[in-house]
Amino acid sequence: RAEFDAHVGKTTVTVAMFSSPMCGPCLLVESKIVQMQADLCSFGVNIIKLNLNIKELRPLFTDLRIKTLPTFIVYGADGAVKGRFSGTKHEELRKMISGLL
């Protein structure tokens, strides 16, 4: 949790991608998210990926009410949640991020 908290609010936009290596939809969208990070990093966008690890991250997933994977939570520079998105439609996520830049 401390590592996650250390990322939020450190850039213009931080996107937390909640995923699992066993999640088919997560694997489908992952390459698009990696490309999005490359495209947007110069604008202060940081995308962090958190894989579901029951022992380490379950409390974080519970606190943030992560019920489906992949789920993306978008944070602004102030650390406040600016948006939330679940699913594989990465262009919707890009639009959400673009609205904050």
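**Reading a predicted fold, feature by feature**

User: Does L93 count as buried or exposed, and how do I tell?

Analyst: L93 counts as buried because its relative accessibility is 0%. Buried means under 20% relative accessible area, exposed means over 50%, and partly exposed lies in between, using a 1.4 Å probe and protein chains only. Keep in mind that this is a predicted model, where local features need pLDDT of at least 70, side-chain atom pairs count only at pLDDT 80 or more, and totals for chains, interfaces and linings use all residues. Residues are numbered from 1 along each chain as its sequence is written, and side-chain values use heavy atoms, with hydrogens and water left out.

User: Where is L93 found, and which residues is L93 in contact with?

Analyst: L93 sits in helix α4; helices (H or I, at least four residues) and strands (E, at least two) are DSSP runs numbered from the N terminus. Contact means heavy atoms within 4.5 Å. Setting aside neighbours within four places in sequence, L93 is in contact with V15, I33, M36, F72, V74 and F85.

User: How do the axes of α2 and α4 cross?

Analyst: Axes are lines fitted to C-alpha atoms, for helices over the stretch in contact, and angles run from 0 to 180 degrees between N-to-C directions. Here the axes of α2 (residues 24-40) and α4 (residues 90-98) come within 10 Å and cross at roughly 25°. That makes α2 roughly parallel to α4; the cut-offs are under 35 degrees for roughly parallel, over 145 for roughly antiparallel, 65 to 115 for roughly perpendicular, and oblique for the rest.

User: Which residues of α2 and α4 make the contact?

Analyst: On α2 they are V29, K32, I33, M36, D39 and L40, and on α4 they are H90, L93, R94 and I97. These residues divide into six nonpolar, one polar and three charged. Ala, Val, Leu, Ile, Met, Phe, Trp, Tyr, Cys and Pro count as nonpolar, Asp, Glu, Lys and Arg as charged, and the others, Gly among them, as polar.

User: What order do the strands of the sheet have?

Analyst: Strands of a sheet pair through backbone hydrogen bonds, either parallel or antiparallel. Two strands pair if DSSP finds at least two bridges between them. This open sheet of four strands has the order β2-β1-β3-β4, with mixed pairing. β2 (45-51) and β4 (81-86) stand at the edges with a single partner strand each, so one side of each has no neighbour in the sheet. β1 (residues 13-19) and β2 run parallel, joined by seven bridges, and M17 stands opposite K49 in β2.

User: Which strands do α2 and α4 touch?

Analyst: α2 packs on the sheet, touching β1, β2 and β3 (71-76), and its direction makes about 155° with that of β2. α4 also packs on the sheet, touching β1, β2, β3 and β4, with its direction at about 175° to that of β4.

User: Which peptide bond is cis, and what is phi of R65?

Analyst: Most residues other than glycine have a negative phi, and most peptide bonds are trans. In this model, the bond from L69 to P70 is cis, with omega near -10°, and P70 lies in the loop between α3 (54-63) and β3. R65 lies in the loop between α3 and β3; its phi is near 55°, a positive value in a residue other than glycine. With 58% relative accessibility, R65 counts as exposed.
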